[in-house]
Amino acid sequence: MNPYLAGIGLGLVLLAAFVLVGRGLGATGAFNAVIAWAVSTVAPEHARNNEFIAGYLGDEGTSPLKSWLLFEVAGLFAGAMFSGLLAGRVRVTTEKGPRVSVRVRLAMAFAGGVLMAFGAALARGCTSGQALTGGALLNLGSWAFMLMVFAGAYAVAYFFRWQWR
Amino acid sequence: MAMMAPFFKYGMFGDEASLVLAFLIGIGFGFFLERAGFGSARKLVSQFYLNDLAVFKVMFTAIVTAMLGVTYLGWIGWLDLSLVYLVPTHLAPQVVGGLILGVGFVIGGYCPGTSVAATATGRLDGLIYVLGIFAGMFAFAELYPLLKGFYLSGDGVGLTIPGTFGLPYGVVVFAVVLMAVGGFYGAGLLEKKFAAPGE
């Protein structure tokens with residue numbers, strides 16, 4: 001799809017979230033909710049004593065899985081799969097350059113995910129919750145965050161070219 | 001017109017209905033991410049090698065669309081923008097977090113939302129990336145006592161650019177639109193210059 005059309009579509013979805021629910025889109029919070037659920041299931045005492053996790057637990061008796069962002073990300077999964085199926089783009093594969101083994105590419109993906117989680121946790125959001133949502137609301141911290149994402153990415157991109165060429 | 005939005009904050013429906021809406025809104029989110037080609041790490045990282053700037057184009061078109069929407073609906077007095085959740089501002093951790101996230105984006109090829117879209121369309125690297133996020137988030141939570149001081153630094157009030165710099169809201173909106181349009185033009189030039197071989 002033309003990127004500007006896709007952008008308008010995405011912008012209207014974001015606007016709908018603002019108008020209907022009074023919050024924007026996000027993704028990271030869904031991961032936090034699952035971690036909070038997992039830790040509180042395995043070690044409830046430990047979860048209550050960890051302030052970061054406790055922040056996602058809510059009231060006693062309410063499952064941390066009853067999270068707005070987790071439902072939204074479940075929808076994201078369904079919507080992406082629907083679009084992919086329509087376009088014939090769903091297939092089991094690993095995206096990588098020709099000179100990289102699948103094993104190395106998957107290790108890089110894992111490492112990137114770990115770093116991403118740390119960055120998003122520190123920043124209180126990722127490209128969705130901060131850059132996109134906060135960007136549209138002219139949130140000062142979100143704009144600072146967004147500039148730094150591009151700065152960090154461009155600063156190191158050269159050193160990871162080998163993954164793709 | 002009477003103020004009536006955000007509907008949820010005006011009590012037009014409850015928590016359960018808001019979760020149903022979350023799922024429906026998510027479908028739209030995922031649909032347009034995948035339509036834009038963002039279920040593919042190769043497409044996403046092309047942004048950082050300058051041969052395909054779709055990430056910038058889609059992101060800024062979406063930001064401008066939603067920004068103009070809330071500005072207009074606020075201006076006609078239909079949407080109370082002060083009731084829309086603003087992530088609290090903690091500049092230092094947001095700047096450092098942004099840098100780390102940018103590096104993670106390049107190394108892993110995705111961001112959290114796009115990794116879910118990639119997983120939904122069968123990308124194993126997307127799935128492994130998702131597992132990496134879980135591992136990283138768990139590690140962050142366990143290390144939180146050490147990181148708490150930095151995480152909470154700053155006053156933590158949701159600040160906006162117009163509010164902070166004492167500028168009229170409309171002026172900042174206009175500046176962002178101009179910047180986006182300039183960026184779209186520049187993006188086209190960069191893509192021509194850095195076109196991937198064989199394209």
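## Chain A and the residue B:Leu101

Of the 165 residues that make up chain A, 61% count as buried, a residue being buried if 20 or more other C-beta atoms, placed from the backbone, lie within 10 Å of its own. This is a predicted model, in which local features need pLDDT of at least 70 and side-chain atom pairs count only at pLDDT 80 or more, whereas totals for chains, interfaces and linings use all residues. Residues are numbered from 1 along each chain as its sequence is written, and chains are lettered from A in the order in which they are written.

The secondary structure of chain A consists of eight helices and zero strands, where helices (H or I, at least four residues) and strands (E, at least two) are DSSP runs numbered from the N terminus.

| Property of chain A | Value |
|---|---|
| C-alpha box along the principal axes | roughly 50 × 40 × 35 Å |
| Contacts (C-beta atoms within 7 Å) with a separation of 6 or more that join residues 24 or more positions apart | 54% |

In chain B, B:Leu101 is found in helix α4 (residues 91-108), and B:Leu101 counts as buried because it has 33 C-beta neighbours inside 10 Å. Not counting residues up to four places away in sequence, B:Leu101 touches residues of chain A, including A:Met116, A:Ala123 and A:Val149.

Note on methods. A residue is buried if 20 or more other C-beta atoms lie within 10 Å of its own, exposed if 12 or fewer, and partly exposed in between; C-beta atoms are placed from the backbone. Two residues are in contact if their C-beta atoms, placed from the backbone, lie within 7 Å.
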